[in-house]
Amino acid sequence: MTQAPRRTRWWLAGLLGLLIVLSAGIAVFWGDLVSTALDPKVPFQTYDPPPGPDYATKAAWHLRPQANNTLDADIFFIAPTTYDGGRNWNSRLNAKRANRQFQNVMAPNYVGPFVSVGRVFAPRYRQASLYSLTTLREDAREARQFAYGDVRDAFRWYADQDNGGRPFVLVGVEQGGTLGLRLLTEEIARDPELRSRLVAAYLIDTVSPADAPPLATCVKRDQAGCLAAWATVYEGDFDAGKRLLERALVWNTRGELENISPRPALCFNPILGAVTDQPAPMRLHLGAANATGLEWGARPAFMARQVAARCEDGVLHVTRPRSASLKPTGSWADRRKAPGFNLFYADLEADAKARLAAWRAR
């Protein structure tokens, strides 16, 4: 009579142990499982990309200025990754989830600091998927090269049809920053007229070579026509900066992506407004913001003195912010995109205004 209950208990204990082992395995390999699911599983060479944009139409732009916008400078903004992946190496222009993330997360947090500086032009482009940014495969590099063609065409349309000789700021975030670096090198730095109108280039969460920048780097806040680029890791995350640079890809002179190593990386400190190894204490931090979900155009509440920052070996090391709203959240994919907050929102706003004033004075 006692053997049956005993067998049942052993059976339940075994089942529980199996579930624990399976759960642990899933937790350990969850990232690999998700990444595999996002792999298009077709070579880029035989891939048929989605239809391209017509920048003469409103549908090809995330953001364009309203007719009543009286600001006399422009912002050309290249969006970060919002498309996870799956069937496509490159996103469709009308991908609903990706566009919704731009509107609800990326625009309020990363376009927001610049809306009081100039009119915003933010093109849609067939961005490379998040999956392509997690692998060093040649297919993924080709997907990112393909995305650049759209960004280049959008900028050429803007420069020919919309700029009208106005000063402009170039802003790119994450994937958009990498594409912006090539745009800066090939389209802006080589054109004396465009270069003379550039107020500054901000390449956020972007690894950029320090040994041959296409422009002078920003070394003081009252400097115009300069480059500010940085990639961030949290202070105390062992070897995070080294791992970031080991996987970072930059453009070579042939328009191909290659590992930055052994070249040094550029590091701009947004708190100090300069490329410098000098540490920026928390008391100088003007303000972070979590603007996710905020109505477009609304000004977020700033959280000042949240982080300190210092450049070390080409990477910006930032202390972990105190506010819970400034901590990474969301799915595996969301945590690998630009975060849904901007640690340097107020600092970038002040920096861009100062550089525009310097450009006008110049």
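This is a predicted model: local features need pLDDT of at least 70, side-chain atom pairs count only at pLDDT 80 or more; totals for chains, interfaces and linings use all residues.
A residue is called buried here when its relative accessible area is under 20%. In α2, the buried residues are Ala-98, Asn-99, Gln-101, Phe-102, Val-105, Met-106, Ala-107, Pro-108, Asn-109, Tyr-110 and Val-111. As for what lies over them, the cover includes strands β1, β2, β3, β4 and β5, along with helix α8 (345–361).

Helix α2 isn't quite straight, either. With 16 residues at 1.5 Å a residue, a straight helix would span 22 Å, but α2 spans only 20 Å between its end C-alpha atoms. There is a bend of about 40° at Phe-102, and Phe-102 is also one of the buried residues of this helix.

Now for the sheet. Six strands make up an open sheet, and going across it the order is β1-β3-β2-β4-β5-β6, with mixed pairing. Sitting at the edges are β1 (61–63) and β6 (226–230), each of which has a pairing on one side only. From one strand to the next, the twist averages 20°. Strands β4 (residues 168–173) and β5 (residues 198–204) run parallel, and six bridges join them. In this pair, Val-173 stands opposite Ile-204 of β5.

Helix α2 (residues 96–111) packs on it and touches β1, β2 (74–78), β3 (119–123), β4 and β5, with its direction at about 45° to that of β1. Helix α4 (residues 138–162) packs on the sheet too, touching β1, β2, β3 and β4, and its direction makes about 165° with that of β2.

Finally, a look at a loop residue. Gln-127 lies between β3 and α3 (130–133), in the loop that links them. Its relative accessibility is 5%, so Gln-127 counts as buried. The side chain of Gln-127 reaches two backbone nitrogens: that of Thr-82 at 2.7 Å, and that of Tyr-83, which lies 3.0 Å from a polar atom of the side chain. Leaving aside residues up to four places away in sequence, Gln-127 touches Pro-80, Thr-81, Thr-82, Tyr-83, Trp-89, Asn-90, Ser-91, Ala-147 and Gln-175.

Key:
Residues are numbered from 1 along each chain as its sequence is written. Side-chain values use heavy atoms; hydrogens and water are left out. Two strands pair if DSSP finds at least two bridges between them. Helices (H or I, at least four residues) and strands (E, at least two) are DSSP runs, numbered from the N terminus. Axes are lines fitted to C-alpha atoms, for helices over the stretch in contact, and angles run from 0 to 180 degrees between N-to-C directions. Contact means heavy atoms within 4.5 Å. Buried means under 20% relative accessible area, exposed over 50%, partly exposed in between (1.4 Å probe, protein chains only). A polar contact is a pair of N or O atoms within 3.5 Å; within protein, one must be able to donate a hydrogen and the other to accept it, and residues adjacent in sequence count only if both atoms are side-chain atoms. The expected span of a helix is 1.5 Å times one less than its number of residues. The bend at a residue is the angle between axes fitted to the seven residues ending there and the seven starting there.
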